[in-house]
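Good morning, and thank you for joining. I would ask you to look at the sequence and the model together while I walk through a few selected regions.

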Amino acid sequence: MKIQDILTTEVASPPIVYHKLQNAIQDPESTFQNFADIIRSDSGLSGRLLRIVNSSFYGLSGKVESITHAMNILGIDKLADIALATIVMSKFNGIPRDLIDLELFWKHNIACGLAVKEIAVLFGETNTEKFYLLGMLHDIGSLVLYKEAPSISRTCLNRADYEGQHLFVVEKEEMGFSHAEIGRQLLDQWRLPELFVETAGYHHNPLDAPKYPKFVSMVHIADILSYELGLGSSGEPFVPPLGNGILQFLQLDRSQLIEIKASVKISFDEIYQMFCD
């Protein structure tokens, strides 16, 4: 099996609506009406986006009534990021439940996104929605594997569970590559920003990330925190250990991690319902 064989399948095709939005963003003549028309072309996307925008995820003081209103308040870039998250969640239906429970998968990744968002706030970052999306998409390579190679994926999951090993280590031994490498190449193929590509590819070894080790380390920690909270699973049989030197590299302490976990726990249920109902 080769990575490129997997990435030529239909499930690995880029999300069309997202790229239409990105192309429109690059066009100086695009109007809010153009953006709204693109979003409405995906049935149900408008309603889901409005529910998310009106949730505690944004904490806006007034109710947002329309996509155009949302763009006025948030800007099209932020709205496009949330649109990508919701579109990706609809791409991977049909994975056998006895292989991976998609509800648990998305619970884990949504919790990871919320934790990254909280860490980003600690660092004074402003576009925290971007960090949420980093967390949500970090394990996307696993979804591609579960969808396109269920037999070998089941072997890897069973081995990791039986032997108490990291899933990505077993995948490497069984296939010669892991879900992280698939995710890196997939998001590169989708023409997502390099930060997303590195996060997918290096979230298990963030200090090896060539350009963005700080941000990938934030996702690495958030991934672990979401497992510690027991909020879903993307396939790991146990809570992954924190990489050596990560807390020192980010200058975070354990008390801050406890606060982040408490914040994620408070907001998780509402945000999960917004994305998944």
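I begin with helix H13, where Leu 195, Phe 196, Val 197, Glu 198, Thr 199, Ala 200 and Gly 201 are buried. Please bear in mind that this is a predicted model. Seven of the nine residues of H13 are buried, so the helix is largely enclosed by the rest of the structure. Which elements cover those buried residues of H13? Among them are helix H8, spanning 128-137, together with H12 and H14.

A polar atom of the His 220 side chain lies 2.9 Å from the backbone oxygen of His 203. If we set aside neighbours within four places in sequence, the contacts of His 220 are His 203, His 204, Pro 206, Pro 241, Leu 242, Gly 243 and Ile 246.

Ser 226 is another residue of H14. Is Ser 226 buried or exposed? Its relative accessible area is 1%, so Ser 226 is buried. Again leaving out residues up to four places away in sequence, Ser 226 touches His 108, Ala 111, Cys 112 and Leu 231. With His 108 there is a polar contact between the two side chains, at 3.1 Å. As for Cys 112, 114 residues separate it from Ser 226 in sequence, yet their C-alpha atoms are 5.5 Å apart in space.

I turn next to the nonpolar core. The largest one has 98 residues, and those with the most contacts inside it are Leu 21, Leu 79, Ile 110, Ile 221 and Phe 275. Helix H7, residues 102-122, supplies the largest share of this core, with eleven residues. What surrounds Phe 275, when residues up to four places away in sequence are not counted? Phe 275 touches Arg 48, Ile 52, Ile 82, Ala 85, Thr 86, Met 89, Ile 110, Tyr 132 and Met 136.

His 19 sits in helix H2, residues 16-26. At 8% relative accessibility, His 19 counts as buried. Beyond residues up to four places away in sequence, it touches Pro 14, Trp 190 and Arg 191. The side chains of His 19 and Arg 191 are joined by a polar contact of 3.4 Å.

Arg 191 itself is located in the loop between helix H12 (179-189) and helix H13 (194-202), which brings us back to the helix with which I began. Its relative accessibility is 57%, above the 50% limit, so Arg 191 counts as exposed. Most residues other than glycine have a negative phi. In Arg 191, however, phi is near 65°, a positive value in a residue other than glycine.

Gln 251 lies in the loop between helix H15 (246-250) and helix H16 (254-276). At 70% relative accessibility, Gln 251 counts as exposed.

Finally, two helix pairs. Helix H5 (residues 67-74) and helix H6 (residues 76-89) pack at an angle of about 120°, with their axes 7 Å apart. That angle makes H5 oblique to H6. On the H5 side the contact involves Ile 67, Ala 70, Met 71 and Leu 74, which meet Ile 76, Lys 78 and Leu 79 of H6. By class, six residues of this contact are nonpolar, none is polar and one is charged.

In the second pair, the axes of helix H9 (residues 140-148) and helix H10 (residues 150-163) come within 6 Å and cross at roughly 120°. H9 and H10 are therefore oblique to each other. From H9, the residues in contact are Leu 145, Tyr 146, Lys 147 and Glu 148, while H10 contributes Pro 150, Ser 153 and Leu 157. How do the residues of the contact of H9 with H10 divide by class? Four are nonpolar, one is polar and two are charged.

That concludes my presentation, and I thank you for your attention.

Definitions and conventions. Residues are numbered from 1 along each chain as its sequence is written. This is a predicted model: local features need pLDDT of at least 70, side-chain atom pairs count only at pLDDT 80 or more; totals for chains, interfaces and linings use all residues. Side-chain values use heavy atoms; hydrogens and water are left out. Axes are lines fitted to C-alpha atoms, for helices over the stretch in contact, and angles run from 0 to 180 degrees between N-to-C directions. Helices (H or I, at least four residues) and strands (E, at least two) are DSSP runs, numbered from the N terminus. Angles under 35 degrees count as roughly parallel, over 145 as roughly antiparallel, 65 to 115 as roughly perpendicular and the rest as oblique. Contact means heavy atoms within 4.5 Å. Ala, Val, Leu, Ile, Met, Phe, Trp, Tyr, Cys and Pro count as nonpolar, Asp, Glu, Lys and Arg as charged, and the others, Gly among them, as polar. A nonpolar core is a set of buried Ala, Val, Leu, Ile, Met, Phe, Trp, Tyr and Cys residues joined through side-chain atoms within 4.5 Å. Buried means under 20% relative accessible area, exposed over 50%, partly exposed in between (1.4 Å probe, protein chains only). A polar contact is a pair of N or O atoms within 3.5 Å; within protein, one must be able to donate a hydrogen and the other to accept it, and residues adjacent in sequence count only if both atoms are side-chain atoms.
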